[in-house]
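Look at the model below with its open spaces and its aromatic rings in mind. The text takes the pockets, then the ring contacts.

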Amino acid sequence: MTHLLDLIHPDAGTVLISEWRTGTPERTRAAADAVIQEWAAAEAPPARLAQHLFVATDGTGLLHYAQWTSDEDHLAWARAYRTAVISRVDTLVPGIERPGLNRTRLHRSVVHDAEHSPGVFAITMTEDVEQTLENASTPATGLLATHLHLTADGGRAIVVSEWTDAAAHEGAAADAPGVRRYTLHHSLTGGRASSSPTHPPLPQ
């Protein structure tokens, strides 16, 4: 599987992270297909540098990780096109829960092991930014890398960590609240989309 740093566009001025809660593997598959169809049908906005779609390992949701030149460029696109795109997806998969969009910047990456490929990405959102920054460098069995994203106001941190597999993450963070595990499903960079070649089938 691809490392997160392989997905980072050097010209990105903002990283938009948002979760869609779909509820079941069947709805997750349908929502992922609908999103990919929207990407394929529409002309890629020049300001959208890359967009990556992750699926939850338990089959209950999607995670969008999008990189744009700036928040202003994204907002301009969203005002003109987002409602139509979302409505078409919601027609196919009604009732998707969207807790909100997080506008972030990649603040720091700590790579512990660049040789092994990640089997799972763990996502944690927290308001304890200082403690999160301190913990970023702490190694753990199966932890390959940690990437800290800070919201624009610096009030929250979103941590994307790479692990060899779900079992390693469960062993290290079994009691951590609010952690969700994902695998990379589909990517779009420079107007070209591709499925992750090492991604397992969507959860059944």
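A pocket is found on a 1 Å grid over the protein atoms alone: it is an open set of points where a 1.4 Å probe fits, with protein on both sides within 12 Å along at least five of seven lines. Lining residues have an atom within 4 Å of a point. Points are joined across faces, edges and corners, and a volume is the space filled by probe spheres set on them. This is a predicted model, in which local features need pLDDT of at least 70, side-chain atom pairs count only at pLDDT 80 or more, and totals for chains, interfaces and linings use all residues. Residues are numbered from 1 along each chain as its sequence is written, and side-chain values use heavy atoms, without hydrogens and water.

The largest pocket holds about 670 Å³ of space. Its lining has 30 residues, and Gln51, His74, Trp77, Arg82 and Val85 are the closest to its centre. Two or more lining residues come from each of strand E1 (14-21), helix H2 (25-41), E2, strand E3 (61-68), H3 and strand E4 (101-111). Helices (H or I, at least four residues) and strands (E, at least two) are DSSP runs, numbered from the N terminus. H3 gives the largest share, 9 residues.

The second largest pocket has about 460 Å³. Thr124, Asn135, Thr146, Val159 and Ser161 lie nearest its centre, among 22 lining residues. Here the elements giving two or more residues are E5, helix H4 (129-135), strand E6 (143-151), strand E7 (157-163) and helix H5 (166-173).

Now the rings. Rings of Phe, Tyr and Trp (its six-membered ring) pair if their centres lie within 6.5 Å; planes under 30 degrees apart are stacked, over 60 edge-to-face, the rest tilted. The count is 3 aromatic pairs. Phe54 and Phe121 have ring centres 5.3 Å apart and planes at 80 degrees, so they are edge-to-face. Phe54 sits in strand E2 (residues 48-56) and Phe121 in strand E5 (residues 120-126), so this pair ties together parts 67 residues apart in sequence. Phe54 is buried (under 20% relative accessible area; exposed is over 50%, partly exposed in between; 1.4 Å probe, protein chains only), at 3%. Phe121 is buried too, at 0%.

Trp77 and Tyr81 have ring centres 6.4 Å apart and planes at 35 degrees, so that pair is tilted. They are 4 residues apart in helix H3 (residues 71-92), about one helical turn. Ring pairs link Trp68, Trp77 and Tyr81 into a cluster.
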